[in-house]
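Please keep the sequence and the structure in view while reading.

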Amino acid sequence: MGVLRVLAALVAATVLLAGSVCAAPSEYQVKAVFLFNFSRFVEWPPSAFASSDAPFVIGVFGYDPFGNQLDETTRGETVNGRPLLIRRVHNVSDAADCQILFVHASEATRLDGILAVLNHRSTLTVSDLDDAARHGVMIALATQEKRIRLRVNVDSARAAHLTISSKLLRSAQIVDAPVSGD
Amino acid sequence: MSAVAQSTGSLKQLSVDQLLDIQVTSVSKRSESLADAPASIFVISAEDIHRSGATTLPEALRLAPNLQIARADSVQYAISARGFNNAVGNKLLVLIDGRTVYTPLFSGVFWDQQEVMLEDVERIEVISGPGAALWGANAVNGVINVITRPATETTGTLMAARAGNNERGGDVRVGRVFNSGAVRFYGKYSQFDNTSRADGTPIPDTWNRGQVGFRADWKADADAFTLQGDAYKGDSEDRGSIGAFELPEVTVSGMNLLGRWQRELASGSQIQLQAYVDHTDRDDALFYKPKADIVDLDFQYAIPGVKHRVLWGAGYRYAKDNIDPGFATVFVPSSRALQWGNVFVQDEIHLRDRLDATLGVKAERNDYTGMEYLPSARLAWKVADDSLLWGSLSRAVRAPARYDRDVRFPGTPPYYVVGGPNFQSEVANVVELGYRVQRPSSLTYSVTAFAHLWDKLRSGTAIPVTIENKIDGTVAGIEAWTSYRPLRFWSLTAGVTYLHEDLKLKAGSTDPVGVDNATLRNDPDYQWSLRSSFDLPRDFQLDLELRRVGSLPQPAVPAYSELDVRLAWLTLGNLEISIAGRNLLHATHAEYGDAQVRSEYERNVYGQVRWGF
């Protein structure tokens, strides 16, 4: 099995060589950065927090596509002095404690239930279901030709007393659709 | 695609517009939702195909751990899932962009006539197990869905040329944007050298194949349209003669045209209407000379919802063939027009939090056995957010084909084998249980156990053989695969299947061959594969795939291990230079057929240059 021995050596050598390696960022690496950026580009009313020292919570509802990328992106970060926490949310009733709630496309069947419970509470809803904004989700992270597209339902955000910065809106597609909970 | 180093930290420094401009590596929406489906599904990604160095569709299919693939000569393959792998394999449904590519002749696939521009394939979904409730008869042991990218995603020019000791070829694709969509044109040419027997005698299976095609996708308001077509021609070398019977080269040709219209209604419901025509022509003096014209219409209506997601539809298929006899077979009657019609409905029911059921049934009518009912029930329980436990019960059938009812062997009387006028559908009642864990950035694995309870499998009487349905039994097994990324630049994929076949002749059968029949089953007990992909510094990629396939019983083929290696270098942004070696472990090896006459495959090493702009 001389060939196998040569291969083993080859594999070992490549593992040793490959110190710093380049790769295109993964879809969810970029989406994690978007979620973090939303904490900078959206204003929450004081009523969105249980207390003045309550943390700022980004929730991931159900299926978590990020692995540890969202945790890595937000490690050590604060939002207006509040520590930023990532929380995995499994019940609709826990969703309202989040300032940002991400719902993966595969949880589409649970979307209407989540929006009904949140009903104008100041939780920024985000989903990567393509037409999420039309269903009342505030920001959809759609993927088109390998690039991420922002679709914003401004009326939904306004109904929840959230103010989205023009810096974000400028680069987003505004979606006219019914406000969630109506 | 240039790969730019992007750490999470540097991504955070980018503006919104810069982030929006980044190309991300991504799984498509549909394949994500498929990953949630309660079935044994493996998705071969475009990147997997590219990095494997495969130059043909059957070789790319080796990436799916749930398929059994045995090469029969330079371009012929036996491909199946869950057993019954033979050159007239007829229990697997294969679709290329929604077009069924099986021949009505034997309900199987002439793999030497199927070519796709592999660079433009978005993904290949490989479902092992029955898909009959959605896809109909013949989707008994599995479904292969080859899906090419929409023209809007291939708007550049791509050129590739390759040459090696066994094969040579080149591909060109040109894509252009027009106001509401895009169109691409492609051309592909391949040459394959002949194979040899173990004793060195050459087999006359040199093969040349050329194919051209196009695909256009465009949108208008809520409507999306696709129009695509292909035309191809291929031939072997002259094969000498059997006595006075001349065996000139095998020639194949064909063309197809497909249109698809999709509309999203204000209610969120979706309508899809698809129609295609497909002409195929094969001239093989040894076996047969079938020509077929197929017209196929398919309608689907999808209704979204929270509690129920309903998909229903209907289809119609018409095939007219003309089969001139070869040395080995003749079909009586030589020409036949066959029709199939179907309706189906599927409901995905959200029973309660984390628990979903999928109920579906297809009713399909064929000219041989009339109406066939193909029901399926599936239950999926999301044990945790990243893990799914699922089970299914289904009934699937393999409906009769010309090869069962109308065939005569040999091509001139007296006949030793005669098609069975009473041949019925082969029936499988299938039970499956699966568990799947998906942690996208680290470990993913899937394990499926299955049992196919078969009845009325194809058998024969004593000579002169009349084809009938007197074999039954059970085929059971396990399919498992996993992928793991131990380091950011290194990923591993492993797959294994284990198969146990327990078939027997039914009482009253006079079949002289029995169940170890080369046209019924000749399957390995096990196979496994291990794939390793490295992203190396300076835009080098190294891929290794080691596979082992267990021995075949009758005709006996020894177990074999083989290794494929590919090293690629991406330079100047869009020029890729690669060298690939396939079947490197042995000077030659065999995968299929009788030891006296079968093909042996040599080590195949080739270089490829690919340039996209």
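## A hairpin and its neighbour

In chain B, β8(B) and β9(B) form a hairpin with 2 residues between them, where strands are DSSP runs of E with at least two residues and helices are runs of H or I with at least four, numbered from the N terminus. Strand β8(B) (residues 157-164) and strand β9(B) (residues 167-178) run antiparallel and share 7 bridges, strands being counted as paired if DSSP finds at least two bridges between them. Within this pairing, B:Leu158 has B:Arg173 of β9(B) as its bridge partner.

Strand β8(B) is also joined by 7 bridges to β36(B) (residues 604-612), again in the antiparallel sense, and here B:Gly164 lies opposite B:Tyr606.

## Basis of the model

The model is predicted, with local features requiring pLDDT of at least 70 and side-chain atom pairs counted only at pLDDT 80 or more, while totals for chains, interfaces and linings use all residues. Residues are numbered from 1 along each chain as its sequence is written, and chains are lettered from A and ligands numbered from 1 in the order in which they are written.

## An open sheet

Five strands of chain B form an open sheet with mixed pairing, in the order β1-β6-β7-β4-β5. Its edge strands, β1 (40-45) and β5 (99-100), each pair on one side only. Strand β1(B) is joined to β6(B) (residues 121-128) by 6 antiparallel bridges, and B:Ser40 stands opposite B:Ser128.

## The whole chain

Chain B contains 7 helices and 36 strands. Its C-alpha atoms fill a box of roughly 80 × 55 × 45 Å along the principal axes.
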